[in-house]
Every structure is written in C-alpha cells, then in structure tokens.
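Colleague: I am new to this one. Can you walk me through what it shows?

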Amino acid sequence: MSLYHRIGEEVARRADALWSVASTLHADPETAFDEHRAAALLTGELEGAGFEVRREAAGLPTAFTARSGRGGPVVAFPLEYDALPGLGHACGHNLIAAAGLGAALVLNAVWDGAPGTVLAVGTPAEEGGGGKALEVEAGVFDGVDAALMFHPGVYDWVRAPLTAQEQYRVVFRGRAAHPTGNPTEGIDALAALIELFNVLSVLGRRLPEGSHVQGIITHGGTATNIVPEYAEGRFGLRALTTSALDELAERLATAAEGVARATGTAVTVERASVRYEHFRDSAPLSERFAGHLDRAGIALAPPAPGVYLGSSDIGNVSGRVPAIHPFVAIMDAGGSDHTPEFAEAAASQRARRVLLAVVEALACTAADVLGDAGLRGRAREELRQAEG
C-alpha cells in the first residue's frame, strides 16, 4: 500500500475527531493571547498521540510546540486558533488549527519511525499580536525544513498574496491656551495631526502598487474651549514587500517631522505593533500541495493580479523557512472573511469537506518534504535566491 493511500485512510479514520476539534474551537472563540482553552485542547490531543509538548513557547502563555520523531529533516505545521473580537472565528482559524493538528497526527501515525521530525507549532494572536513573528525571533522555527499551513477563504489560490504591514503611533505636542482669550499663545497639536493626514493623502496618490497608509485619531483634545496641547494618531502601513514597508515608514516619519517644524509642535513617531513581513511562497512546496489537493477535486489557481488579501505573521516565517499558505474556499467569491457570514461558513459542511481534503494534502506534502532531499533542496535554494 502506498504512503499516500495510507495517509488517506488515516484521515478518513480520524475525520469525525478532527471535525469535533474544529467545531469545539468554533463554538468557544478566544481572542489574541487569551486562547487558553484552545491551547489546552490542541496540546491534549497531541500529548495523547505521544508528541513531546512544550508549553509557553517563546514565553507566550498560549503558544506551544509538539514534537514527534527523531533527527532531521523537520517539517512544521503552524496552528492558528485566535478569534476576532465580536466575530468569533470569522477568519476560520478553527479550521487552520484542526488542519495542522490533523496533518501532524496523521503523518506521525504513518511515518513508522523513519528518520525525520514532525513539529506542530501553536501560534497565538495572528490577528494583530504576531505570535509567529515573536516565535521566529525566539528561534522556534530554527532548524525547520518547511512550514506548511493553509487558510480558508473565498478563493482557491495556490499561494497567498500577503503584504507586509505594521502600525505606528504618532504624537504631536503643542501648548494649551484659551481659543478666544489668548489664542496666539496656543500651539494646536490637533491641527498638526490633521495636517499630517492631509500630507499623507497627497502622498498616497504617488505610492506604488500595494502600498497604503490608513490612520485614525486616537486622542484629539479634552474640550472645545482649550487649544489641544496633545494629539495622537495611529497609522497602519502596508506594502508589497518588507523593504517597501521600511521605505513607507521613513516617509511617514519625514512627513510628521515636516509638519511639526511647520506648526511649531514637537512630534514622536514610534512603532506600535509587531511588524508582519510579506509572504514569500515556496513554489516547489505549493505545487506539491496543489497536486495532492487536486485529487480531492479542489483545483488551485494563481491569485488574481492586483488583488491582495491582507497580511499575516506567516510572512515572518517564510523569510527564514520554505513555507506555503494557500487559500482554499469555504464560501463563494462574493463573500468575505471577517464577516458573520464567514464565521458561519467556518462551521459548515463545506468547511468539513475542505478540512479533510486539506489535512490529507498537507500530510502528503509533509511526507514529500521528509522523504525527498531533492525537494527540500529546491525549496531551500529558491528561498536563498529570494533573500539574495
């Protein structure tokens, strides 16, 4: 019996149990860095299968690693399980967690003690907290030969067009005064912040494809009869590449400093979030995954030109380790994630079918990574050339 056939049989045997995990997570959503019950459920499943579990990976209370096997090569399955505030699993992370869990359990069951290590990585707080980015910096993915995951969506795309992103806090400080009694004594910090929005609006017309700045005012004064001495804004920056994001951040700082000089205010610009790098797809591994998924009747196509689907901390992993992050549809293209409708779709029968097909494709791809030195070499060389 072929290894792929054994993987398929093992997925079928575990189908109800894996769907139960996805459904339990869906019914009990927890937000970033507070996914204690989710982490307990997943680590319990992995420990029960004989994995060596280490909790609080990278010093994060709800992160973990679970390892089985011996020596290299090493294939990792990142598991996401945080939900969106007020929307639950409207990004389908319950399916991502169940898929990574399932692939790890299935591969472990069929690998029969051959050399190689299966690593499940619990990665909290993808929705803004950057769990994977923090784990990368802590060395959690060191020595890994491939990181394999998927994301439910509204398209069947072989690779993820994910941009780099980060947020900045900009604070202007002026001088308070009565706007009628002594208006010339005041230095209006809010006016300076508003002027920064105007400058960025002009700048936005000249930004390259995939780059944009979106800002909000988080503090604009305390009373209408006081010239604001303090004003604060938060700005989200996105760009096609991490280097382009760095250039955009420099432009924001330059604009803020220019406004401060023109208005007589003082300004500080500081990063206010973990930086998400752009995603670097491993074509050799994505092609293998797409081929395996095709056997389940799900054909993946290249992403539509000019369409970008946000950002994710898997980008930080993909800069160090060959990685895949395909999108597989659980609802039609007219829909959108981060909506109540998508949360409902993440618990649908279509989602169950996608989950089981993806578990099998992930496990088969991981088996290819562990058993095919040539594939590993091609994936690593592609990443090396991208870094160069």
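**Helix and rings**

Modeller: Start with helix 10. Of its 23 residues, 18 are buried, so helix 10 is largely enclosed by the rest of the structure. Keep in mind that this is a predicted model.

Colleague: What span should helix 10 have at 1.5 Å a residue?

Modeller: Helix 10 covers residues 349-371.

Colleague: How many aromatic pairs does the structure hold?

Modeller: Ring centres must lie within 6.5 Å to count as a pair. The structure holds aromatic pairs to the number of 3.

Colleague: Are the rings of Y155 and W157 stacked or edge-to-face?

Modeller: Their centres are 4.2 Å apart. Planes under 30 degrees apart count as stacked. Theirs are at 5°, so the pair is stacked.

Colleague: Is W157 buried or exposed?

Modeller: Buried means under 20% relative accessible area. W157 has 7%, so W157 is buried.

Colleague: And what about Y155?

Modeller: Y155 has 27% relative accessibility.

Colleague: Which elements does the pair of F197 and F235 link?

Modeller: The rings of F197 and F235 have centres 5.1 Å apart and planes at 45°, so the pair is tilted. The two residues are 38 residues apart and link distant parts of the chain. F197 is in helix 5, and F235 is in strand 9.

Colleague: Which residue lies over the face of Y4?

Modeller: The distance to the ring centre of Y4 is 5.2 Å. The residue over that face is R295.

Methods:
Residues numbered from 1 in each chain as written. Predicted model: local features only at pLDDT ≥ 70, side-chain atom pairs only at ≥ 80, totals over all residues. Heavy atoms only, no water. Phe/Tyr/Trp six-rings, centres within 6.5 Å; stacked < 30°, edge-to-face > 60°. Buried < 20%, exposed > 50% of the residue type's maximum accessible area, 1.4 Å probe, protein only. Helix = DSSP H or I, 4+ residues; strand = E, 2+ residues; numbered from the N terminus. Lys NZ or Arg CZ within 6 Å of the ring centre and 35° of its normal. Expected span 1.5 Å × (residues − 1).
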